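Let's take a walk through a structure together, one step at a time. Have a look at the picture first, and then we will work from the meeting of the chains down to single strands.

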There are 2 protein chains.
Amino acid sequence: MNFTINRDLLLQNLNSVSKALSNKVQMPVLTGIKFDVFKDNILITASNGEISIQSKIVNPGQLKVQDEGSFVAPGKYLIDLVRKTEAKDIDFITYEDNSIKILADKSNFTLKGLDKENYPIISFTESPQLITIDATNLKQLIRKTTFAASISEARMILTGVYFQAKDNKMQVVATDSFRLAKKVMEFTSPLQPVEVVIPSKSLEELNKIIDENEEIVEIHFTKTKVLFKYKDLKYQTRLIDGTFPRVDAIIPTQFLTSVKFNKNDLISSIERVSIFTNIDSNIVKFALRADKTVEIASTSNEIGDAKEELNVIDCSSPMQFQIAFSSKYFLEALRSFNSSEVTINFTGEIKPFIITGEYDHNLIQLILPVRAF
Amino acid sequence: MNFTINRDLLLQNLNSVSKALSNKVQMPVLTGIKFDVFKDNILITASNGEISIQSKIVNPGQLKVQDEGSFVAPGKYLIDLVRKTEAKDIDFITYEDNSIKILADKSNFTLKGLDKENYPIISFTESPQLITIDATNLKQLIRKTTFAASISEARMILTGVYFQAKDNKMQVVATDSFRLAKKVMEFTSPLQPVEVVIPSKSLEELNKIIDENEEIVEIHFTKTKVLFKYKDLKYQTRLIDGTFPRVDAIIPTQFLTSVKFNKNDLISSIERVSIFTNIDSNIVKFALRADKTVEIASTSNEIGDAKEELNVIDCSSPMQFQIAFSSKYFLEALRSFNSSEVTINFTGEIKPFIITGEYDHNLIQLILPVRAF
């Protein structure tokens with residue numbers, strides 16, 4: 001096996017697949033990156049058992065294959081080496097004993113390869129049941145929902161994000177049972193019906209790899225896996241087994257009062273007032289007065305207390321109303337909006353409330369209040 | 001106690017003294033910042049028992065004191081609060097129960113103050129035995145030496161940096177017994193004789209506070225402490241007790257051969273070759289050949305091996321010569337030079353060698369090799 005490749009082209013592809021590299025030693029071969037070298041292209045693959053990523057390098061000008069073959073190189077060291085070389089091109093030559101010679105300018109490296117016979121066969125499964133979406137919209141779906149998934153494995157199903165395709169809508173929901181994020185995307189034609197739960201960590205890694213652009217992403221659904229095809233990249237993750245809770249019933253549609261704020265002013269105020277809250281609970285209190293003014297406040301027995309008056313842009317029904325909630329959940333929800341103005345829609349002092357934004361079509365952030373009065 | 005102060009001015013001074021804030025709970029009052037408010041200035045002080053910093057705020061246009069007094073505010077929360085407010089000015093009012101009211105625009109904070117009676121009396125001791133140096137030169141002295149001090153407390157004296165003033169020279173030395181950094185600074189007139197060992201961590205924090213400029217720093221030496229006076233700031237640290245080893249005898253002055261390199265090329269090569277070395281030892285091998293070419297190499301049983309040819313600018317005595325050393329120590333030493341070319345002066349294959357740079361007058365970096373052949 002023997003080929004020459006442009007250093008930047010290789011590094012870019014190594015960085016993409018590295019997101020799936022395992023640093024666990026249970027299966028040492030998964031700390032490696034598999035190279036399958038063909039006459040006019042190279043497939044590079046990494047997998048940690050949960051996520052598998054494969055990139056196809058096809059570039060006649062920047063890749064010259066003298067000899068076909070395959071090998072598994074230790075991922076971390078290979079990437080470090082390629083990153084640190086200043087050479088324009090890098091030569092790879094493999095030997096019978098799995099060793100890999102890497103030549104870059106005046107550098108001469110010999111890497112001990114991993115046994116390619118131990119590398120698992122990974123099938124990237126395409127499916128007739130597929131949905132296409134552009135990269136920017138997929139990134140939006142991920143960013144506006146995944147943060148609300150549970151980090152506790154007590155209820156495994158809640159560590160995932162629910163994707164449901166029905167008619168011409170895709171609905172994406174994440175919840176840790178204290179807050180909920182829901183985004184619906186509309187398509188011009190009916191979709192294949194789908195209902196799956198994707199691990200939130202897999203979606204976060206996917207979001208790092210795909211760029212903000214109009215490239216098409218194909219999402220292939222099978223019973224246990226989902227495969228995202230993006231440019232020359234295949235990104236596959238296992239699904240979470242189980243039934244995602246029905247959430248539509250808990251999202252209120254009728255409100256006691258709705259208060260509209262400048263989003264950035266609201267974020268700054270909450271950030272300041274929550275300086276004094278405890279790491280564990282970070283509860284802030286929100287009080288609307290009959291004269292439409294709003295005060296937010298927090299108290300910590302150890303540190304002191306903070307209160308702040310807030311400017312309200314609009315209030316649908318002025319009234320005396322107070323509610324308390326986690327500033328962390330509230331801030332994460334607020335930051336998911338693109339709109340410069342957001343509306344907080346209340347249903348009662350100890351009932352869930354929702355946040356909406358004028359320019360964030362079909363995005364709902366729901367937060368459960370706490371009893372603090 | 002009641003005063004109004006410009007937010008940016010306060011934040012800048014809080015940031016300076018915060019370097020001495022303690023996060024240990026042995027003496028809770030030291031997690032606080034002491035304010036001593038006078039008619040036309042404020043002293044703010046922080047101390048962790050080892051380092052004490054005091055800043056004097058004098059600025060008629062940006063500070064208005066209505067009522068004199070003193071208080072101790074919890075440092076971390078106060079700084080967080082001042083950093084997050086967007087107000088131009090901040091009002092402080094204190095009450096009998098140690099509480100501190102802080103008003104900034106529409107924010108209204110009440111901080112529980114710490115008991116000022118518990119705050120230790122810190123004397124910043126000036127001395128007739130003082131040396132003046134400009135900030136840029138002091139920073140150079142610190143940056144080029146402290147990294148070589150020991151991080152192990154097995155020999156406490158080596159965790160410090162040796163400052164010796166004699167005639168018109170100040171000599172600064174740090175060593176962890178595996179490598180040594182020495183910088184001598186010449187003064188136009190004779191200095192008061194001084195010989196002290198300053199904790200390296202104290203110098204690193206000092207380096208963060210003083211800017212690269214021509215402001216004068218006064219260094220006041222007493223038997224157990226050293227005080228740096230810089231602009232309106234007093235920075236005091238305890239000294240390390242004991243006798244610093246005599247190092248001049250181990251610095252070689254006669255060499256077998258001297259090899260000159262482009263510094264950045266040498267750094268890049270060592271960085272690449274040391275990818276394959278172990279975290280613990282990171283040993284690279286250096287081989288000079290009779291034809292003046294140089295090869296550096298490393299071997300790891302687990303990962304593989306690396307070798308690289310290096311361009312030599314000059315070599316005083318071409319010969320067959322090999323030596324092995326820690327790449328970490330070597331890189332840290334190389335990075336302390338301003339010169340674009342550095343010379344490695346060898347005395348023998350298992351003897352210490354020194355690095356010098358044409359434009360780094362009076363700077364010597366010494367490294368002890370290891371036996372690896």
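Before we start, one term is needed: two residues are in contact if their C-beta atoms, placed from the backbone, lie within 7 Å. Keep in mind, too, that this is a predicted model.

Now look at the contact itself. Chain A brings 27 residues to it and chain B brings 28 residues. On the side of chain A that touches chain B, the elements giving two or more residues are helix 2 (75-84), strand 9 (107-112), helix 5 (263-273) and strand 21 (304-310) of chain A. That side of chain A is made up of nine nonpolar, six polar and twelve charged residues. Strands even pair across the two chains: strand 9 of chain A runs antiparallel to strand 21 (residues 304-310) of chain B, over five bridges. In this pairing, S107(A) stands opposite E308(B).

Next, take chain A as a whole. Its C-alpha atoms fill a box of roughly 80 × 50 × 35 Å along the principal axes, and the chain holds six helices and 26 strands. Of its 373 residues, 39% are buried. Among contacts in chain A between residues at least 6 apart in sequence, 67% join residues at least 24 apart.

Five of its seven residues are buried, so strand 12 of chain A is largely enclosed by the rest of the structure. Strand 11 (residues 160-166) of chain A pairs with strand 12 of chain A in the antiparallel sense over five bridges, and Q164(A) stands opposite Q171(A) there. These two strands form a hairpin with two residues between them, where D167(A) in the turn has a positive phi of about 50°. Strand 12 of chain A also pairs with strand 13 (residues 179-186) of chain A, antiparallel and over seven bridges; here K169(A) has E186(A) as its bridge partner. That hairpin has three residues between the strands, and S177(A) takes a positive phi near 80°.

Finally, cross to chain B to see a whole sheet. It is an open sheet of nine strands with antiparallel pairing, in the order 14-11-12-13-26-25-24-18-22. Strand 14 (194-199) and strand 22 (314-315) of chain B stand at the edges with a single partner strand each, so one side of each is left without a neighbour in the sheet. Helix 4 (residues 200-209) of chain B lies across strand 11, strand 12 and strand 14 of chain B, at about 80° to strand 14 of chain B. Helix 5 (residues 263-273) of chain B lies across strand 18 (257-262) and strand 24 (341-346) of chain B, running at about 90° to strand 18 of chain B.

How values were computed:
Residues are numbered from 1 along each chain as its sequence is written. Chains are lettered from A and ligands numbered from 1 in the order in which they are written. This is a predicted model: local features need pLDDT of at least 70, side-chain atom pairs count only at pLDDT 80 or more; totals for chains, interfaces and linings use all residues. Helices (H or I, at least four residues) and strands (E, at least two) are DSSP runs, numbered from the N terminus. Ala, Val, Leu, Ile, Met, Phe, Trp, Tyr, Cys and Pro count as nonpolar, Asp, Glu, Lys and Arg as charged, and the others, Gly among them, as polar. Two strands pair if DSSP finds at least two bridges between them. Axes are lines fitted to C-alpha atoms, for helices over the stretch in contact, and angles run from 0 to 180 degrees between N-to-C directions. A residue is buried if 20 or more other C-beta atoms lie within 10 Å of its own, exposed if 12 or fewer, and partly exposed in between; C-beta atoms are placed from the backbone.
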